[in-house]
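Hello,

Here is the structure I promised to pass on to you.

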Amino acid sequence: WNIHYPITDYTPDKELYVTITLDTSNSFIKDGVEYYKQTFYRDGEVLYEGGYNKKQWDAFLHNDLNSLQYFCIGRSSMSGEGWWHYSKMNAYTLRLYSQALSREQIQENYEKSKLYHESLQ
């Protein structure tokens, strides 16, 4: 949460395929802080690579995950009213995996999703 992925060349009339991975089996140290590897893909290609604070993620899993009542795209659920707007997008599909996908798996998912949506038009 609270991570921004700027996409400056997006137009509202174009479909966008987004994948975000958080690989908790792959951590690194930066400025004395441990991070899990995080990757943002657009249309099957890496757009951003970085990290998510390991201590915060582990605390979220231990303390907060089981108490979540909903998951939302477009608003942050960090406050009671969800007043932080992130996007006004529509989502065709949302998939959650129990492990980070490889670049090849992400590219394959993109190709299949694009082909499927093109067949509907």
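Predicted model: local features only at pLDDT ≥ 70, side-chain atom pairs only at ≥ 80, totals over all residues.

Residues are numbered from 1 along each chain as its sequence is written, and side-chain values use heavy atoms, with hydrogens and water left out.

The sheet: 3 strands form an open, antiparallel sheet in the order 1-2-3. Helices (H or I, at least four residues) and strands (E, at least two) are DSSP runs numbered from the N terminus, and two strands pair if DSSP finds at least two bridges between them. Strand 1 and strand 3 (45–53) are at the edges with a single partner strand each, so one side of each has no neighbour in the sheet. On average, neighbouring strands are turned by 25° against each other, direction ignored.

Strand 2 (residues 33–42) is joined to strand 3 by 8 bridges. Across this pair, Tyr-36 stands opposite Tyr-52 and Tyr-41 opposite Val-46. The two strands form a hairpin with 2 residues between them, and Asp-43 in the turn has a positive phi of about 50°.

The salt bridges: there are 4, counted where a side-chain nitrogen of Lys or Arg is within 4 Å of a carboxyl oxygen of Asp or Glu. Lys-37 and Glu-49 meet in one of them (3.8 Å, N to O). Lys-37 lies in strand 2 and Glu-49 in strand 3, so this pair ties together parts 12 residues apart in sequence. Glu-49 also forms a salt bridge with Arg-103, with the closest N and O atoms 2.6 Å apart. That pair links distant parts of the chain, since Arg-103 is in helix 2 and 54 residues from Glu-49.

Within helix 1, Asp-58 and Lys-54 lie 4 residues apart, about one turn of the helix. Salt bridges that share partners join Lys-37, Glu-49 and Arg-103 into one network. Asp-58 and Lys-54 form a salt bridge too, their closest N and O atoms being 2.6 Å apart.

The surface: Tyr-10, Leu-16, Val-18 and Ile-20 form a nonpolar patch with about 330 Å² of accessible area together. Patches are made of residues with over 30% relative accessible area and no salt bridge, like charges being joined within 9 Å and nonpolar side chains (Val, Leu, Ile, Met, Phe, Trp, Tyr) within 5 Å; areas come from the Shrake-Rupley method with a 1.4 Å probe, and for residues only the protein chains shown count as cover. Tyr-10 is in the segment before strand 1 (18–30).

Best wishes

Definitions and conventions: Axes fitted to C-alpha atoms, helices over the stretch in contact; angles between N-to-C directions.
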